[in-house]
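Here is a short briefing on one protein model. Look at the structure first, then work through the points below.

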Amino acid sequence: MIGLKGDNLDTINETFEFAKKVYPDMCFFQQAVPFPGTEFYEWVKDEGYLITEDYSKWLNDDGYLNCLVNYPYASAEEIEKIRDNLMSKYYFSFTYIFKTFLSNLDWIEFKRVFRGGYAYISFRLKKLVKKELKIS
């Protein structure tokens, strides 16, 4: 989880380094979500970090959750970029790929993992193309 109270760019990097140290089979880096009624919601609202209270703006056009918090150390857009970069650095690292390959030498498991990898790469490419189209 990135973006909780007390987080900053250094602690986010420490979280990533910890994940690399233990290298679990699956790892997700997700931005903190300020759900109404939680202490986190009250904190981001009181600090003026909350972007919107309009629930219709919580999801992007693809149905994925937007980052809803602008932090002093990173905007919501930058947090999303950091999150995506951490995911890519983790899943496209030689160590992760090699470990996953050795753990899934069974043909059925290999196909399952391959489909998951293909889906993730497709997702990232689609996001990249959409970003490029917005820039143009």
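**Helix packing and the main pocket**

H3 passes H5 in a left-handed crossing (the near helix is turned anticlockwise from the far one by less than a right angle). Helices here are DSSP runs of H or I with at least four residues, numbered from the N terminus. The model is predicted: local features need pLDDT of at least 70, side-chain atom pairs need 80 or more, and totals for chains, interfaces and linings use all residues. Residues are numbered from 1 along each chain, and side-chain values use heavy atoms, without hydrogens and water.

**H3 against H5**
- The two axes, lines fitted to C-alpha atoms over the stretch in contact, come within 12 Å and cross at roughly 145°, on a scale from 0 to 180 degrees between N-to-C directions.
- Contact means heavy atoms within 4.5 Å.
- H3 brings Lys81, Arg83, Asp84, Asn85, Met87 and Ser88 to the contact, and H5 brings Tyr120, Arg124, Lys127 and Lys131.

**The largest pocket**
- Its volume, the space filled by probe spheres set on the grid points, is about 1900 Å³.
- A pocket is an open set of points on a 1 Å grid over the protein atoms alone, where a 1.4 Å probe fits, with protein on both sides within 12 Å along at least five of seven lines; lining residues have an atom within 4 Å of a point.
- Of 50 lining residues, Asp84, Tyr120, Phe123, Arg124 and Lys127 are closest to the centre.
- H5 gives the most to the lining, with 19 residues.

**Tyr91**
- Tyr91 lies in H3.

Notes
Helices (H or I, at least four residues) and strands (E, at least two) are DSSP runs, numbered from the N terminus.
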